[in-house]
Amino acid sequence: MAFVEFRDVCKTYHMGSVEVHAVAGMSFDIEEGELCVIVGPSGAGKTTVLNMLGGMDSCTSGSIRLAGREVSGLSEHDLTLYRRHDIGFVFQFYNLVQNLTALENVELASQICTDPLPAAEVLDEVGLAERKDMFPAQLSGGEQQRVAIARALAKNPKLLLCDEPTGALDYVTGKQILGLLQRTCRERGRTVAIVTHNSAFTQIANRVIHVREGRAESVETNEYPLDAAEVEW
Ligand SMILES: Nc1ncnc2c1ncn2[C@@H]1O[C@H](COP(=O)(O)OP(=O)(O)OP(=O)(O)O)[C@@H](O)[C@H]1O
Ligand SMILES: [Mg+2]
């Protein structure tokens, strides 16, 4: 049994009389402790996959399991607990609480968890120790994204899901964040899934899932992934 099992998953949106098959029969596995990159063009269904894995959206059919537990069958109440305790989510567009400081944003997430990491230490790891008392509006886009990543990391989740986590970052900062995500796997044994359309990121992954038109077109595993610091794009 794999840590994540995605089996024949479909997600169909109804737009009036039109059906949009955002995910059209997708299957893949992710093993515990892996860094998995889900790569594909715009509209391929990447965000939809991540939202379903994170318990923020339901599937139309198929089965999604995390550590043997059927996520697709959870009640609303259990889904809330699943999102709170099992999942860390880095959104493409930060979603920070505007009237809380950087540190408070991270603390907010860790307070509701059973085994959090110290908020100040995690902010330091993403290079924001000196910005901890600033509000989101006082931070650059890249800094806000790093707060969002710190917030997800501080929850110390079983599964960390990142939707284009470096989209707002410059090259150097983006590389640092990839390194941080890679260390989260290697040193903490956490499972991380990164969604991106940047195929260079596939080099740092243990597992690469290529998605196209709502399907997993191919899956490859890297026995010797590159260190994030060595990747160039
Ligand atoms: N809420 C929704 N209602 C209707 N259609 C949707 C909805 N969300 C996504 N879609 C459609 O599903 C398809 C997959 O969307 P998704 O956001 O998963 O793509 P993506 O791979 O993340 O793309 P991008 O790289 O641009 O972020 C697209 O055709 C999109 O228009
Ligand atoms: Mg997307």
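Analyst: Helices (H or I, at least four residues) and strands (E, at least two) are DSSP runs, numbered from the N terminus. Strand E1 (4-15), strand E2 (18-30) and helix H1 (46-53) each supply at least two residues of the shell around ligand 1. This is a predicted model, where local features need pLDDT of at least 70, side-chain atom pairs count only at pLDDT 80 or more, and totals for chains, interfaces and linings use all residues. Residues are numbered from 1 along each chain as its sequence is written, chains are lettered from A and ligands numbered from 1 in the order in which they are written, and side-chain values use heavy atoms, with hydrogens and water left out.

User: Which residues are around ligand 1?

Analyst: A residue is near a molecule if one of its heavy atoms lies within 4 Å of it. The residues around ligand 1 include Tyr 13, Val 20, Gly 43, Gly 45, Lys 46 and Thr 47. Helix H1 gives the largest share of this shell, three residues.

User: What makes the approach of Thr 47 to ligand 1 a polar contact?

Analyst: A polar contact is a pair of N or O atoms within 3.5 Å; within protein, one must be able to donate a hydrogen and the other to accept it, and residues adjacent in sequence count only if both atoms are side-chain atoms. A polar side-chain atom of Thr 47 lies 2.8 Å from an oxygen atom of ligand 1, so the pair falls within the limit.

User: Why is the pair of Arg 7 and Asp 29 called a salt bridge?

Analyst: A salt bridge needs a side-chain nitrogen of Lys or Arg within 4 Å of a carboxyl oxygen of Asp or Glu. For Arg 7 and Asp 29, the closest N and O atoms are 2.8 Å apart, so the pair qualifies. Arg 7 sits in strand E1 and Asp 29 in strand E2, so the bridge ties together parts that are 22 residues apart in sequence. By this rule the count is twelve salt bridges.

User: Lys 158 forms a salt bridge with Asp 86. How do you know whether Asp 86 is buried or exposed?

Analyst: Buried means under 20% relative accessible area, exposed over 50%, and partly exposed in between (1.4 Å probe, protein chains only). Asp 86 has 9%, so Asp 86 is buried.
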